[in-house]
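Please look over the sequence and the structure below.

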Amino acid sequence: MADENTTPEEQALADEWAAALSEAGDTAGQDDIDALMAQGEPKPSAPRAPMEEFDNSPKGGNLPVNLDGPNLDVILDIPVSISMEVGNTDITIRNLLQLNQGSVIELDRLAGEPLDVLVNGTLIAHGEVVVVNEKFGIRLTDVISPSERIKKLR
């Protein structure tokens, strides 16, 4: 099953993999796969760290397991990047290079439309600009439900 874009070296490596996997059947382990991968590498790779097994049981010993979902305590302190998007537009590089102080860029939103609140690039809410103690802020007007956020990830 050689592809038109496959080099002879890549095809030979793929054939070796296929032969090794057919010989080993379901008994091939990680050591066998690592050995096959090392044959094609010109220099030795860094040693692999062993895989850790994570326990799904909550901290605290013999407490009952919550069937509502996973324990989210382990991710609560992970920092995420949050940004507010006023709007966007596409311009040519020529027009971008001509921008200077006082230039106005037309956006795809109407005045008064809500802003998008993004976390790591994923829309989580809409909001409006407010001023609090002489600083800008965002008042959330519509929060996207977790189920809708998950649907957008897929």
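His126 touches Pro114, Leu115, Asp116, Val117, Arg139, Leu140, Thr141, Asp142 and Ile144, leaving out residues up to four places away in sequence; contact means heavy atoms within 4.5 Å. This is a predicted model: local features need pLDDT of at least 70, side-chain atom pairs count only at pLDDT 80 or more, and totals for chains, interfaces and linings use all residues. Residues are numbered from 1 along each chain as its sequence is written, and side-chain values use heavy atoms, with hydrogens and water left out.

His126 sits in strand S3, residues 122-132. Strands (E, at least two residues) are DSSP runs, numbered from the N terminus. The His126 side chain makes a polar contact with the side chain of Asp116 at 3.0 Å. The side chain of Asp116 also makes a polar contact with the side chain of Arg109, at 2.3 Å. A polar contact is a pair of N or O atoms within 3.5 Å; within protein, one must be able to donate a hydrogen and the other to accept it, and residues adjacent in sequence count only if both atoms are side-chain atoms.

Asp116 belongs to strand S2, residues 115-119. Asp116 is buried, with a relative accessible area of 12%. Buried means under 20% relative accessible area (1.4 Å probe, protein chains only). Beyond its neighbours within four places in sequence, Asp116 is in contact with Ser83, Met84, Glu85, Arg109, Leu123, Ala125 and His126.

Why is S2 largely enclosed by the rest of the structure? 5 of the 5 residues of S2 are buried, so the strand is largely enclosed. Leu115, Val117 and Val119 point one way from S2, while Asp116 and Leu118 point the other way. In a regular strand the side chains alternate between the two faces of the sheet.

Now the sheet itself. 4 strands form an open sheet in the order S1-S2-S3-S4, with antiparallel pairing. Strands S1 (82-85) and S4 (135-143) are the edges, each pairing on one side only. The twist averages 40° from one strand to the next, with axes as lines fitted to C-alpha atoms and angles running from 0 to 180 degrees between N-to-C directions. Two strands pair if DSSP finds at least two bridges between them.

| Strand pair | Bridges | Sense |
|---|---|---|
| S1 and S2 | 4 bridges | antiparallel |
| S2 and S3 | 5 bridges | antiparallel |
| S3 and S4 | 8 bridges | antiparallel |

Ser83 has Leu118 in S2 as its partner. Leu115 has Gly127 in S3. Val131 has Phe136 in S4. The hairpin of S2 and S3 has 2 residues between the strands, and Asn120 takes a positive phi near 50° there.

How values were computed. Buried means under 20% relative accessible area, exposed over 50%, partly exposed in between (1.4 Å probe, protein chains only).
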